[in-house]
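Subject: Structure handover

Hello,

Please find the structure below, followed by notes on what was found in it.

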Number of protein chains: 2
Amino acid sequence: MTDTAPRARRSDATRAAILRAARERFAADGYERATIRAIAADARIDPSMVMRYYGSKEGLFAAAAEFDLRLPDLAAVPPDRLGETLVRHFLARWEGDETLAALLRAASTNAGAAERMRLLFANQLATAVAGFGTGPASTAHRAGLVASQILGLAFTRYIVRLPPVVEMTPEDLVDWVAPTLQRYLTGRPSR
Amino acid sequence: MTDTAPRARRSDATRAAILRAARERFAADGYERATIRAIAADARIDPSMVMRYYGSKEGLFAAAAEFDLRLPDLAAVPPDRLGETLVRHFLARWEGDETLAALLRAASTNAGAAERMRLLFANQLATAVAGFGTGPASTAHRAGLVASQILGLAFTRYIVRLPPVVEMTPEDLVDWVAPTLQRYLTGRPSR
DNA sequence: TTTCGATGTCAACGCTTGTTGGCCTACAGT
DNA sequence: ACTGTAGGCCAACAAGCGTTGACATCGAAA
């Protein structure tokens, strides 16, 4: 039941090459400047193949932006190390897979990409941190605050490339940002 | 000496209308989807006028993205209220002027806009917070961390519009985010 | 060996884009 | 009243875009 398409088609390699090239281009150029022609050239096939396999540019992006945050089970983490765990995980996930960068860049100008970003954080981050924290702030608000810091870090480090943020080592970033996330998850606001 | 162009030209109103329309479009659509034709239509003039007055689309954007953060003199702020002051100021600045949103959206896909964003934070934010904090972290790093949280807040609230971040009131945001900035400016990292 | 669907190429379509140059019009200086 | 210039519009350009359909080729089933 796990594989609905039992035998591999001969075109699977082509499909994969298209996806790989698409992720690269979307991550580097954003949605509108990443052209189907350029993606096809990278994958060494004709632009019309992209249309055949993915229907449209939107369809290609939807396939290329499929992403799993792979968040660990936070219930198994010592409660006072939640922030550290999250920063470390996101940094690793970001540097190892350019899909998130593609989604981030595209979300600025493409409505569909922004919607995907919202779903990603609602379905994966918000549910992962559900149950943490008490008091006046809802779990959703805590997840939103975490998202604001995580995405801001990614935006300044990988998109705008602010020099001081780029220069900091992952360990520096963990040391500084972990307490922020920790407080957003388990702390209280001032006043 | 304050006004180098003593008498107002008759075209100044048109120039201003173009700039206003450009800021709106760049903020709403980003750099590539905001077309000169659409901007000209909003300003009720011919597209060729945009070229005459601003030379090119890049030139128009450069003029439209001119921005002053208008940061207050932080030396005059009680040292333990730096974070609160900054969050409040940025929130007000953001909601009152769409230029920053235009710059933020465009910075994701346009190299020139990203460069402008870097200059903005280097020249205005980094210099405003210069001198705060001691210890192993340089002032530039502290400014970069502040930028990551401020831009992340703007990105999630005004660009991606993550529901929990949009729903929070400005006062809620101040209460939660102020301690973060306070620590980035005057605190120490964990470990 | 023939057949037929899957795989891939080619050329073109209709459209939009930034940009340009020519032309008309109104108004300020004489 | 005349004239020069600044302000504005119109039409068109070359280029690039996503997308389409017709045609070639390969590989496996018959």
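Around DNA strand D there are 16 residues, and those that come nearest are A:S48, A:S56, B:S11, B:D46 and B:S48. A residue is taken as near a molecule or strand if its C-beta atom, placed from the backbone, lies within 6 Å of it. The model is predicted, so to speak of local features a pLDDT of at least 70 is needed, side-chain atom pairs count only at pLDDT 80 or more, and totals for chains, interfaces and linings use all residues. Residues are numbered from 1 along each chain as its sequence is written, while chains are lettered from A and ligands numbered from 1 in the order in which they are written.

At least two residues of the surface near DNA strand D come from each of helix 2 (36–42) and helix 3 of chain A and helix 3 of chain B. Helices are DSSP runs (H or I, at least four residues), numbered from the N terminus. Helix 3 of chain A gives the most to this surface, with 3 residues. By class, the surface near DNA strand D has 5 nonpolar, 6 polar and 5 charged residues; Ala, Val, Leu, Ile, Met, Phe, Trp, Tyr, Cys and Pro count as nonpolar, Asp, Glu, Lys and Arg as charged, and the others, Gly among them, as polar.

DNA strand C is surrounded by 16 residues, the closest being A:S11, A:D46, A:S48, B:S48 and B:S56. Two or more residues of the surface near DNA strand C are given by helix 3 (47–54) of chain A and by helix 2 (36–42) and helix 3 (47–54) of chain B. Here helix 3 of chain B gives the most, with 3 residues. The surface near DNA strand C divides into 5 nonpolar, 6 polar and 5 charged residues.

In the interface, 41 residues of chain A are in contact with 41 residues of chain B, contact being C-beta atoms, placed from the backbone, within 7 Å. Helix 6 (99–107), helix 7 (111–128), helix 8 (139–159), helix 9 (163–167) and helix 10 (170–186) of chain A each give two or more residues to the side that touches chain B. The largest share, 14 residues, comes from helix 8 of chain A. That side has 22 nonpolar, 11 polar and 8 charged residues. Because 100% of the interface residues of chain A are also interface residues in chain B, the copies meet through the same surface.

Contact is made by A:W176, A:P179, A:T180, A:R183 and A:Y184 with B:W176, B:P179, B:T180, B:R183 and B:Y184.

Regards

Note on methods: Two residues are in contact if their C-beta atoms, placed from the backbone, lie within 7 Å.
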